[in-house]
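Here is a short briefing for a first look at this structure. Keep the sequence and the model in view as you read.

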Amino acid sequence: MSALPRAPSADSATERQAMPDDQLMLAYAQGDAAAFDVLYARHEGGLFRFVKRLLGARLAAQADEVFQDTWVRIISARGSFSPQGATWRTWAFTIAHNLAMDRLRVSGREVALDAHSDDDSDPVPTLDRGVRGAMDAAAHPSAEELAFWRAAGRRLLACLDELPTDQRAAFLLHHEDGLTVEALAASLEIGFETVRSRLRYGLQKLRGCMARYLAVLEQRA
């Protein structure tokens, strides 16, 4: 009878926690199941939030299924992952994006977008991080301030849901996950200017949708 596998030592568990995502994926592909556990714990929240926001309110009930399908794809593709290409996080979020977009296409919600714009301004920092950052920066926020930021957060989610699918996806991947415009274009296999246009259109609409809250932020600056 073969011996039962031993539990990892505290030292090896600590080492895994410090390992970059790419190394964890390679270790998992070589049979280290605990490396996958670290990856999952590290990115579970971000991936689920991304999927849920991309699907929007109408398909929110399907977020769990798309989220699970994403991890099934990640597990199935563990042998083909290469750190020479995109980072693990970009690779994983692209898988999630493609699965969510497939679900949106089936639902008939995908909207075709014009890929041209006369506005060449650079994208502004994400409003979502601005809301969360302002809340974190307040050491002792008043009840009124907390109510304001919570309302702003709810409004932002509603504004995101109103964006056309392609614009919402570009915004979330760029600002939520931190992908550069170049990485977005490569991952989604679309043109650089198309990505820039989607970001510009999306940000313009979000600015208009969030105008009331942005005016308050400008007054406080």
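How do the residues of the lining of the largest pocket divide into nonpolar, polar and charged? They divide into four nonpolar, one polar and four charged. Ala, Val, Leu, Ile, Met, Phe, Trp, Tyr, Cys and Pro count as nonpolar, Asp, Glu, Lys and Arg as charged, and the others, Gly among them, as polar.

This is a predicted model, where local features need pLDDT of at least 70, side-chain atom pairs count only at pLDDT 80 or more, and totals for chains, interfaces and linings use all residues. Residues are numbered from 1 along each chain as its sequence is written, and side-chain values use heavy atoms, with hydrogens and water left out.

**The largest pocket**
- The largest pocket has a volume of about 160 Å³. That volume is the space filled by probe spheres set on grid points, which are joined across faces, edges and corners.
- A pocket is an open set of points on a 1 Å grid over the protein atoms alone, where a 1.4 Å probe fits, with protein on both sides within 12 Å along at least five of seven lines; lining residues have an atom within 4 Å of a point.
- Its lining consists of Arg49, Lys52, Arg53, Gly56, Ala57, Ala60, Leu157, Leu160 and Asp161.
- Helices α3 (33–55) and α7 (143–162) each give two or more residues to this lining. Helices are DSSP runs (H or I, at least four residues), numbered from the N terminus.

**Aspartate 21**
- Aspartate 21 belongs to helix α2 (residues 21–29).
- Aspartate 21 counts as buried because its relative accessibility is 15%. Buried means under 20% relative accessible area (1.4 Å probe, protein chains only).
- Beyond its neighbours within four places in sequence, aspartate 21 contacts Leu39, Arg42, His43, Trp88 and Arg89. Contact means heavy atoms within 4.5 Å.

**Threonine 70**
- Threonine 70 sits in helix α4 (residues 63–76). It is buried, with a relative accessible area of 1%.
- A polar atom of the threonine 70 side chain lies 2.9 Å from the backbone oxygen of valine 66.

**Helix α9**
- In α9 (residues 181–188), Val181, Leu184, Ala185, Ser187 and Leu188 are buried.
- These buried residues pack against α5 (88–107), α8 (165–176) and α10 (192–209).

Note on methods
Buried means under 20% relative accessible area, exposed over 50%, partly exposed in between (1.4 Å probe, protein chains only). A polar contact is a pair of N or O atoms within 3.5 Å; within protein, one must be able to donate a hydrogen and the other to accept it, and residues adjacent in sequence count only if both atoms are side-chain atoms.
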